Amino acid sequence: MRRPVWERIVFPGAVAAVMLFALAPFLWVILSGFLPEVAILTVPPEWLKYGVILDNYRYIVTGEVPRAYQVGGVLRRMISEEVRAVPRAALNSTLVALGTLLLNWILGAPAAYAYARMRFAGRVATFYFITASRLIPAAALAIPYYLIIKQLGLLDHHLALILIHTALTLPFTVLILVLYFRTIPAEIEESAQLDGATRPMILRRIVLPLALPSLVGTGLFAFMLSYSEFLFSMLVLGSPQTRTLPVTLASVSTNPDVTWTLLSAGTTLAVLPALLLVWPIWRYMVRGLVTGAV
Amino acid sequence: MARALELRPGRIRPAGRRTDTAMAYALAGGALAVVALFTIYPVGYALVGSLYTLSPILPRSFAGLSNYGLIFGSPYFGFALRTTAVLALATVPAVVLLGLLVAVLLSRPFRGATLVKVVILLPWTIPAATGGVMWKGVFADAWGALNATLYELGLVHNYVAWLTTPRLAILATTIAQVWAQFPLAAVLLLAAMQAIPGELYEAAALDGAGGLRAFAAVTLPHIQPMLVVVTLFEILVALTAFDLIFALTGGGPGTATTVLSYFIWAESFKMLSFGTGLALAAIIAGLSFVLIAALMRLMPREALVGEGR
């Protein structure tokens, strides 16, 4: 088969360019996490002249100050403890994201079942209400959210963030689950109903096991959104111990005492879960969307 | 995706017995309660609160429309509005076009296609604030990877002040924003392309239409609903962008990248004038609704509902 020029050169070139665009910031961050600061500050830079070091990671984990800071001269000698909050923040983010994922399943699956299979007064109106609720710009909600959380006495509690993130992700979860539940043949449920099974029993024993892929997909989506959310996290979490990853990183990155190489090590640790989760996200969620399984 | 708009319930048990309604609300009640708590009350609060002088450090008093007057009279509102418009006009077309290009590239099977798809998804999976930090490493004036690379290649002889020159800071913000948004656009458009029956392309090929002509005649009309959805979504994202800009430029230099959301943030939590912040939020929400409603009016109805599959 004759292969035209564009197939041999243009097409692979374009794919490579897009991949480079997507990956470049990641590669730079991962590389600079292993460099001493002096390697990036000279003009022209000599990134690899000083070798690859683990000092930045050692500092984050153990608090041992990198050697580069103990030398005088052009090097910066101040260092901030703040970057050491990154592992803790990653843990906080994971806990909040897991809570959001669970609450999405607990609240979203029954609701989706009701909208997919049952007929009741106010059905269409409440469904539109849920799906349209996401059209309100988040920044417009910041102050009221802050005040609600304050009135609930939940300021600086992770539960507050779990509730907010659930409110932000539930519409999508319900929508996707409704679409998926409706692809399950109704006959199975009808015969179960004839045998006297109640709705909750049908949901638990029949629908949920069959809808597992879509549950995994929506769960991962909720997890990722919660893990990434910044604005509301910054609002409701004040103390360094409760802060989540996006908040801590944004704060560390504007701290003049944290060097780029150190920040890079922290950022690498921070994006690690995303790097690990991107495959299952693709497998269970995006591929389903792309192949039209939904 | 067009089916999302169709609400007929599946079969099982014809029409409304009363127990069904009670059971349905028992099942859906939790989700409804959470969404309502974080929708109805905040929106109502924002609308009412915008009419008051509200601040944690001042007594509350009725202010009428003076918060709105204050905003429209402030030169910063004009700056922020302009910056937001510039960023939206730059990012939305770029995201949609790049997304479309990537979707076209990935729509044909080739070796390693799955790996490429997963890699391209990466920017979308990380927090936008983290993305801002990462791009700061690329654009930083003194030690950024971009300056270093350009210098090594001999393309510049002095480091470029990407983040401290207003116009360049806007460019940097646009690039970072496009990076963060194009994966989702690409995936959604790819999904729409894969749903097009292969016979249509075969028929087009029989008629002698290949490549670009098949794209114009078959692909574009079929992905039009998704293009509309993606464009509307990206407009919303552009109008409310915050995290990435906050981490990348902090709104600077000066007010060069201060967008409306950042203005709300500064007004509310730096100036502690909640009432003004709420009025600003109401203005932005109104603006988004007007823009989106206008766009939806401009689109032919079929583009929104789709032809079904």
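L263(A) counts as buried, with 27 C-beta neighbours inside 10 Å; a residue is termed buried if 20 or more other C-beta atoms lie within 10 Å of its own, exposed if 12 or fewer, and partly exposed in between, the C-beta atoms being placed from the backbone. The model is a predicted one, in which local features need pLDDT of at least 70 and side-chain atom pairs count only at pLDDT 80 or more, while totals for chains, interfaces and linings use all residues. Residues are numbered from 1 along each chain as its sequence is written, and chains are lettered from A and ligands numbered from 1 in the order in which they are written.

L263(A) belongs to helix α13 (residues 260-290) of chain A. Helices (H or I, at least four residues) and strands (E, at least two) are DSSP runs, numbered from the N terminus. Apart from neighbours within four places in sequence, L263(A) is in contact with V83(A), V252(A), S253(A), V258(A) and V133(B); two residues are in contact if their C-beta atoms, placed from the backbone, lie within 7 Å. In sequence, 234 residues separate L263(A) from V29(A), yet their C-alpha atoms are 8.6 Å apart in space.

Chain A as a whole contains 13 helices and zero strands. Of its 294 residues, 48% are buried. Among the contacts in chain A with a separation of 6 or more, 75% join residues 24 or more positions apart. Chain A is divided into domain 1 (13-82) and domain 2 (85-254), with bounds that come from an automatic or database domain assignment. The C-alpha centres of domain 1 and domain 2 of chain A lie 37 Å apart.

A second residue of chain A, L225(A), is found in helix α10 (residues 212-228). L225(A) is partly exposed, with 18 other C-beta atoms within 10 Å. Beyond its neighbours within four places in sequence, L225(A) is in contact with H165(A), L168(A) and T169(A). The C-alpha atoms of L225(A) and T169(A) are 7.5 Å apart, although the two residues are 56 residues apart in sequence.

The contact between the chains takes 81 residues from chain B and 91 residues from chain A. On the side of chain B that touches chain A, helix α1 (residues 18-37) of chain B gives the most, with 11 residues. By class, this side of chain B has 58 nonpolar, 15 polar and eight charged residues; Ala, Val, Leu, Ile, Met, Phe, Trp, Tyr, Cys and Pro count as nonpolar, Asp, Glu, Lys and Arg as charged, and the others, Gly among them, as polar.

The largest nonpolar core has 174 residues, and those with the most contacts inside it are A112(A), V174(A), A31(B) and L189(B). Such a core is a set of buried Ala, Val, Leu, Ile, Met, Phe, Trp, Tyr and Cys residues joined through C-beta atoms within 7 Å. Helix α8 (residues 166-194) of chain B supplies the largest share of this core, 16 residues. At least three residues of the core come from each of domain 1 and domain 2 of chain A. A112(A) is in contact with V174(A), L177(A), V178(A) and F181(A), leaving aside its neighbours within four places in sequence.

In chain B, 12 of the 12 residues of α6(B) are buried, so this helix is largely enclosed by the rest of the structure. Among these buried residues are V133(B), M134(B), W135(B) and K136(B). The 12 residues of helix α6 (residues 128-139) should span 16 Å at 1.5 Å a residue, and the end C-alpha atoms are 16 Å apart, which agrees; the expected span is 1.5 Å times one less than the number of residues. In helix α7 (residues 145-152) of chain B, A145(B), L146(B), N147(B) and A148(B) are buried. The buried residues of α7(B) pack against α1 (5-32) of chain A together with α6 of chain B. Just after α7(B), G154(B) takes a positive phi of about 75°.

An unreviewed UniProt entry annotates several stretches of chain B as "transmembrane region", including residues 21-41 and 212-237. UniProt positions are given in the numbering used here, feature names are shortened, and annotations may be inferred rather than shown by experiment. Residues 21-41 of chain B are 90% helix and 0% strand, with end C-alpha atoms 25 Å apart. Residues 212-237 of chain B are 100% helix and 0% strand, and their end C-alpha atoms lie 31 Å apart.
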